[in-house]
Amino acid sequence: MFETGVRQLRMALSMTWGRPFDTGSLTRLVADAVATVAEFGELGLEAREVIETPFADDADRADHADRSIRRTARRLADLSPFYAELFAASGFHVGTADATTLLGLPTTTKHDLMSRPRDFLCRGSEPHLATRTTGTTGRALEIWLSRYELEVAAALGALSGVLHDELHGDDLMQVHVSSRATAAVQLASMTCRLVGARCRVLGIIAVDDALDALAGSATTMSVNASYLAELVVAAQARGLRPDDFRLRRIDCVSEILSPAVRAAAEQTFGAPVSDNFGMTEVIPVTATSCSAGHLHHDLTMGHVEVLDLRSGDPAAPGELGTLVVSPYFPYRECMPVLRYDTRDVVRPLAGPATCEQAGIPGTSAVLGKASQLVEVAPGHVVTPRELVEAVEDLPSRPWPARFHAEPEGGRVRIDLPAGAVDGMSSAGLTDHFAERGLDARVRVLDDHRAPSLRRVRSDLRELGFVAPEPVGA
Amino acid sequence: MGTPTSTTLPTFLALGVAIAGTLLTMALSVLYLRHVRMERPAIGTFNGVDVVVVFGFIVVLPLLYLVLPLTPLLVVLGLTFTSALVFGLRPVLGPAATWIVVGVVIAANIWMGRTMLGTVVGWQLFWIENDLLVVGAAVATANLYVQGGMRLRHVAWFGLVLAVYDAVFTFVWPITNTLAQRFIGWPFDPSVGFRIGIYNATIGLGDLLIYSLFVIAALKAYGPRAARGAAVISVLCGAVVPALLPLITDVFIDARTDVIVPAQAAFGPAAFLYYRWLRRTYGAERTMAGFLGRADVDRQAPTPSFALSVP
């Protein structure tokens, strides 16, 4: 108990003053939390305050952001060739950097990272693990992480998992993300190790193999939305029911999770599905969804802005904007980014939130990538989420949604494979989409063209020697 | 009825005080453990390092007591008792009533210690009030540790180390004797005691604390039967044997004819062996969660009221 107090104090000082974490102390703090649960069956009251700074107060939030931005910018000016050059070119003064002056700094784009990756590596850093984006929206991007970054992210993730009762020592986590997403895989494995849980990393394998492994053993699952959709379809085809599984939670990250798939997954697997935001480039900054469907951003580890897609100014409440994320030092140190434009589109909330996470600033759920918005008329944009939700709500349950959409004469034309619209008339399809706010004309294509209509992460199949499964099966 | 001899009365007085103090503290500690839940930190459970830290305080504090002038020493003791009582009473009485009760008890102790020690009756009243204070502090502290996750294993090792410590600081470097002499006649005497005639008999707060820890840790770990065994060991080795030893040998009588017995020297080894037997017989200790899962234990912290819920 005495040691635990000292470790909590050290962690709090690092979080408050921005000094590097003692990873050994953090690791042992996770063990303390696990031991506490083992002894008492639960943590003490106010456990969550251990890792959550009091952001219900606007002034505290602004002060934390300003100090963290200044600290991060100072370090980047000293050690990051890219940012030293960018700051000088844009007249950005790190000594006065805060959330307001940051608005004058150009955002960092994926193109910047891909074209000058070496310039993002901080001098003196020790790259340890390269991790790649899945590249479903273009060429894969490589990010280097140091061992320190991984250890800090894993320890804080494990601590959060224990404090929020999301991960127990007797859990078995089954991981279905692409094996190329090495950071996500590594962090899942490290987090489980710290908590004492078991971890089964399977990747994007044949769904029947995944179900065989899942049934009766795994208690938590980390999965992409598209692969979850495939698992649901396969499980229902096999007549599997909640009693066949031991799952108590499903964590869905990346991609658009539609209410239809979510409800079916919860009904089939008998476990709640959480829809979270995470991105390789901005590790370890994440966001979690609440019961109202908002996305609440982790403001402890990073600064989050929503910028208007055209002007680059802060987006007005209710308007579309791109998420721009700046992970803070000491959470990122090796290849950090500042004002990274994720191109993930959200809407700032139009009014005060009344959900269970109302104290934490939120946005709408991610509505899709900016490049995939469909502008059917000036000022009238259809988002990928609207399309995915409408398509996945079709009676045929064509999961994951395969479609292509583009503007056509003031309407949206949606190309769908024949199997998706099986048994529906043209008028019925028009009504289906109209009921979901979409003035759409549907064009039906042959089923074999389905995989090429929309790429999803479950397409990144990892094949075996026995009964290899073709991509997009 | 004749006047008792000078050996008989102090011996039986010491025996009575030791047994009464030990039984009362153990009984209240058990009652508290079964019905009152104390607040605990969000993260953290008592472990071996905490035993070392507590032992460090036990070694250092007496040295401080000897070095400190009397007034700061009394202030330190007053703060210690206040903290212990506040921790113990707050879950039962709520914050406002707790501060009123603790304030009255502390103030009464100071007033009685300064004004009532001129007569035997005054001494007796002072001891009764001081005993309430000390027993309350022992009950609260024992529960703070055990409800914080202290295990019987920790208590057993703690007792074993204290046995060595007590013997050394009684015979080799007689700090215990000096401290006992220093506290007597002043407020916040960390002992349960009583006076008859010219004789004062006391049992130290530290002794009562370790006995209570032993009993309630045994209750938590292995249930009522184990706790009863622990209580018997505590009374026999912690109260009866130390009180009766001076009848057999005069090795415990110092130059001032004060009787100072290192009670832990008898209790520590017996407690450790009992723990080993329990461990071998019943296996691993039950956790606090397992203890709270029992039907006859109140799991939730009570709504503060003015009385303990006694079944």
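**Chain A and its interface with chain B**

User: Taking contacts in chain A between residues at least 6 apart in sequence, what share joins residues at least 24 apart?
Analyst: This is a predicted model: local features need pLDDT of at least 70, side-chain atom pairs count only at pLDDT 80 or more, and totals for chains, interfaces and linings use all residues. Residues are numbered from 1 along each chain as its sequence is written, chains are lettered from A and ligands numbered from 1 in the order in which they are written, and side-chain values use heavy atoms, leaving out hydrogens and water. With contact meaning heavy atoms within 4.5 Å, the share joining residues at least 24 apart in chain A is 68%.

User: What radius of gyration does chain A have?
Analyst: The C-alpha atoms sit in a box of roughly 65 × 55 × 45 Å along the principal axes. The globule rule, 2.2 Å times the number of residues to the power 0.38, goes with a radius of gyration taken over C-alpha atoms. For 473 residues a compact globule would come out near 23 Å, and chain A agrees, because its radius of gyration is 23 Å.

User: How many residues of chain B are in contact with chain A, and what area is buried between the two?
Analyst: On the contact side, 23 residues of chain A meet 20 residues of chain B. Buried area is the accessible area (1.4 Å probe) that two parts lose on being put together, summed over both. Carbon and sulfur atoms give 59% of that area.

User: Which residues of chain A lose the most area to chain B?
Analyst: Three of them together make up 47% of what that side buries. They are A:Met1, A:Glu39 and A:Phe40.

User: Which residue of chain B forms a salt bridge with A:Glu39?
Analyst: A salt bridge here is a side-chain nitrogen of Lys or Arg within 4 Å of a carboxyl oxygen of Asp or Glu, and the count between chain A and chain B is two. In the one with A:Glu39, the N to O distance is 2.7 Å. The partner is B:Arg151.

User: Which helix supplies the largest share of the side of chain A that touches chain B?
Analyst: Helices (H or I, at least four residues) and strands (E, at least two) are DSSP runs numbered from the N terminus, and chain A has 14 helices and 19 strands. The largest share is eight residues, and it comes from α2(A).

User: Where is the cis peptide bond of A:Pro330 in chain A?
Analyst: The bond joins A:Phe329 and A:Pro330, with omega about 15 degrees. A:Pro330 is in the loop between β11 (321-327) and β12 (340-346).

User: Is A:Arg339 buried or exposed?
Analyst: A:Arg339 sits in the loop between β11 and β12 of chain A, with a positive phi near 55 degrees. Buried means under 20% relative accessible area, exposed over 50% and partly exposed in between (1.4 Å probe, protein chains only). Because its relative accessibility is 2%, A:Arg339 counts as buried.
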